[in-house]
Amino acid sequence: MAALPAPLRRLVTELTRLPGVGEKSATRLAFFLLRADSEYAQALAEAIGAVKREIRLCARCLGFTEQEPCGLCSDPQRTDEILCVVEDPSDIMAIERAGDFRGRYHVLHGTLAPLEGVGPEQLKVAELLARLRDGSAREVILATNPTVEGEATALYLAKLIKPSGVKVTRIAHGLPMGADVEYADGVTLSRALEGRREM
């Protein structure tokens with residue numbers, strides 16, 4: 001990388017800070033941007049600046065928005081009776097792509113990870129409990145990822161919420177559509193069997 005001119009080297013360094021981008025990919029992207037016309041590079045820079053200036057957290061669901069409240073929280077076609085708790089704002093987009101969920105969301109902004117110093121105080125747990133106090137939610141769906149941290153967070157939240165009388169459910173985990181049973185790992189198969197339903 002020492003052979004690169006300083007501005008190009010700086011761009012590669014900044015690009016490697018993006019998740020999933022190593023030095024080779026960053027170098028390829030940097031050369032792409034160098035060869036691109038000035039209008040494209042300027043439009044990209046402006047788009048990045050606009051995201052940082054204009055996007056904020058919705059005061060209600062804590063997802064990303066440019067308006068207050070966000071479009072999902074202000075949608076009158078959605079029900080307040082079901083609240084889906086997710087780890088990150090990007091999880092909302094994944095659930096919305098499925099097109100079936102018509103409730104509201106709450107974003108935790110992470111999971112419990114005591115070894116990394118992430119406890120309930122670092123997450124949006126207090127905000128979740130405050131939302132539940134208004135009594136409109138009848139069910140909370142815990143849609144954290146099926147990782148050790150995601151499972152621990154779901155268990156912790158279930159213990160906090162259940163005494164309030166609100167129904168607590170967990171998203172099912174198992175085999176995705178089109179997957180072969182023979183290639184599935186043991187944990188996935190175990191979850192699929194636990195989450196079986198009557199037909």
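**Reading a predicted chain, residue by residue**

Tutor: Let us begin with His109, which has a relative accessible area of 27% and is therefore partly exposed; a residue is buried under 20% relative accessible area, exposed over 50%, and partly exposed in between, with a 1.4 Å probe and protein chains only.

Student: What kind of model is this, and how are the residues numbered?

Tutor: This is a predicted model, in which local features need pLDDT of at least 70 and side-chain atom pairs count only at pLDDT 80 or more, while totals for chains, interfaces and linings use all residues. Residues are numbered from 1 along each chain as its sequence is written, and side-chain values use heavy atoms, with hydrogens and water left out.

Student: How many helices and strands does the protein chain have, and in what order do the elements run?

Tutor: Helices (H or I, at least four residues) and strands (E, at least two) are read as DSSP runs and numbered from the N terminus. In this protein chain there are seven helices and six strands, and starting at the N terminus their order is α-α-α-β-β-β-α-β-α-β-α-β-α. The protein chain is more spread out than a compact globule, because its radius of gyration is 21 Å, well over the 16 Å that the globule rule gives for 199 residues. That radius is taken over C-alpha atoms, and the globule rule is 2.2 Å times the number of residues to the power 0.38. Taken along the principal axes, the box filled by the C-alpha atoms is roughly 65 × 45 × 35 Å.

Student: What share of the residues of the protein chain count as buried?

Tutor: Of the 199 residues, 29% count as buried. One that does is Leu62, which has a relative accessible area of 9% and sits in the loop between β1 (56–57) and β2.

Student: Which residues does His109 touch?

Tutor: Contact means heavy atoms within 4.5 Å. Not counting residues up to four places away in sequence, His109 touches Leu57, Leu62, Glu87, Asp88, Pro89, Leu123 and Lys124. Gln122 is 13 residues from His109 in sequence, and their C-alpha atoms are 8.5 Å apart in space.

Student: Where is the place of Thr16, and with which residues is it in contact?

Tutor: Thr16 is found in the loop between α1 (6–15) and α2 (23–35), and at a relative accessible area of 30% it is partly exposed. If its neighbours within four places in sequence are left aside, Thr16 is in contact with Val21, Gly22, Glu23 and Ala26. Pro69 is 53 residues away along the chain, and a distance of 34 Å separates the C-alpha atoms of Thr16 and Pro69.

Student: Is the peptide bond from Glu68 to Pro69 cis or trans?

Tutor: The bond from Glu68 to Pro69 is cis, and its omega is near -10 degrees. Pro69 itself belongs to the loop between β2 (64–65) and β3 (82–86).

Student: How is a pair of aromatic rings described?

Tutor: A pair of aromatic rings is described by the distance of the centres and the angle of the planes. Rings of Phe, Tyr and Trp (its six-membered ring) pair if their centres lie within 6.5 Å, and planes under 30 degrees apart count as stacked, over 60 as edge-to-face and the rest as tilted. Two aromatic pairs are found when the whole structure is searched. One of them joins Phe32 and Tyr40, an edge-to-face pair with 5.9 Å from centre to centre and 80 degrees between the planes. Phe32 is partly exposed, with a relative accessible area of 44%, and Tyr40 is also partly exposed, at 38%.

Student: Where is the place of Lys162, and is it buried or exposed?

Tutor: Lys162 lies in the loop between α6 (148–161) and β6 (167–170), and with a relative accessible area of 55% it is exposed. Lys162 and Leu62 are 100 residues apart in sequence, with 22 Å between their C-alpha atoms.
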